[in-house]
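User: Please go through this structure with me. I want each label set against its cut-off.

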Amino acid sequence: MSDDPSRKRLGRGLAALIGEMDKPAQAAAAPRIGADSRVPIEFVAPNPRNPRRSFAETELVDLAQSIREHGIVQPVVVRPATGGRYEIIAGERRWRAAQRAGLTEIPVIIRDVDDRVALELAIIENVQRADLNPVEEALGYQQLIDEHSYTQADLGQVIGKSRSHVANTLRLLKLPDAIRDMLVDGSLSAGHARTLVTAEDPAALARRIVEEGLSVRQAEALAQEPARLSNPAQPRRPAEKDADTLALEKALSDVTGLKVTITHGQ
């Protein structure tokens, strides 16, 4: 059993909070605010530390229309702030859409948690919903590492992802800003971006991926052949032939008396 304090502090507290996100909190020995409530929408403000930064306009319009017709199905999770106000932990997109829909009150679940747990809950909700783009996800992980001394293994345990997923996501932060922008707007997938981390000229390869619509496998092959990036017309180095192909070439050469070369179609 590890004695790492960052591992010890995870405990059941966070798991309990996650499991109770959609339930009113029950009275407990430790004081914690936690009853379903409706509050004026202007009393709720977004969390400036929210890992999610991008909110697609079309999605907000669609959600606002749904809210007009059906209301907010899932309450916004908040924590107390100063002056009787609240800060969003999870559900900023719903809050933004509710404003567009003209709501004056919104349903909330109140959780009295510290900055670390609030950030964890925000990342977890967004990752589970696939609401974060890869750069936002990576920045959220890095924030937990920098501010709360998490290890990659701790992060994997908290968010329910493998350590390798956390490590690969964090590697995206090594990419130039121009490539990060492509990840944010969806021009590049996280799979494509991971191939760029070790590329000799990631910007050139990123442009080729977008312009030619390359698959991740094709991008991986090009990343391993940096010379071809500067000269796309340069012929691809032929792959090594297996023993059966070589034997067939020799047999045909013996029969025809000509040099026979077999190439496999791409």
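**Salt bridges, burial and helix packing**

Analyst: Glutamate 120 and arginine 116 form a salt bridge, with the closest N and O atoms 3.0 Å apart. The model is predicted: local features need pLDDT of at least 70, side-chain atom pairs count only at pLDDT 80 or more, and totals for chains, interfaces and linings use all residues. Residues are numbered from 1 along each chain as its sequence is written, and side-chain values use heavy atoms, with hydrogens and water left out.

User: What makes the contact of glutamate 120 with arginine 116 a salt bridge?

Analyst: The term requires a side-chain nitrogen of Lys or Arg within 4 Å of a carboxyl oxygen of Asp or Glu. The closest N and O atoms of this pair are 3.0 Å apart, so the pair qualifies. Both residues lie in helix H5, 4 residues apart, about one turn of the helix. Helix here means a DSSP run of H or I with at least four residues, and strand a run of E with at least two, numbered from the N terminus. H5 spans residues 115–129.

User: Why is glutamate 120 called buried?

Analyst: Buried means under 20% relative accessible area, exposed over 50%, and partly exposed in between (1.4 Å probe, protein chains only). Glutamate 120 has 0% relative accessibility, so it counts as buried. Arginine 116 is buried as well.

User: Which other salt bridges are there, and how many does the structure hold?

Analyst: The structure holds 7 salt bridges. One of them joins the side chains of arginine 38 and glutamate 105 at 3.7 Å, N to O. That pair links distant parts of the chain, with arginine 38 in strand S1 (residues 36–40) and glutamate 105 in strand S5 (residues 105–110), 67 residues apart. Another joins arginine 100 and glutamate 57, whose closest N and O atoms are 3.0 Å apart. Arginine 100 is in helix H4 (residues 92–100) and glutamate 57 in helix H3 (residues 57–70), so this pair ties together parts 43 residues apart in sequence. Arg79, Glu87 and Asp115 are linked in a network of salt bridges.

User: What makes arginine 100 partly exposed?

Analyst: Its relative accessibility is 38%, and therefore arginine 100 counts as partly exposed. Glutamate 57, at 46%, is also partly exposed, as is glutamate 105 at 35%.

User: How do you know that threonine 195 is buried?

Analyst: Threonine 195 has a relative accessible area of 8%, so it counts as buried. This residue is in helix H10 (residues 190–196). Its contacts, leaving aside neighbours within four places in sequence, are Ile209, Val216, Ala219, Glu220 and Ala223, where contact means heavy atoms within 4.5 Å.

User: Why are H6 and H9 called roughly perpendicular?

Analyst: Angles of 65 to 115 degrees count as roughly perpendicular, under 35 as roughly parallel, over 145 as roughly antiparallel, and the rest as oblique. The axes of helix H6 (residues 134–148) and helix H9 (residues 177–185) cross at roughly 110° and come within 7 Å. H6 and H9 are therefore roughly perpendicular to each other. The axes are lines fitted to C-alpha atoms over the stretch in contact, and angles run from 0 to 180 degrees between N-to-C directions.

User: Which residues of H6 and H9 meet?

Analyst: Pro134, Val135 and Leu139 in H6 meet Arg180, Leu183 and Val184 in H9.
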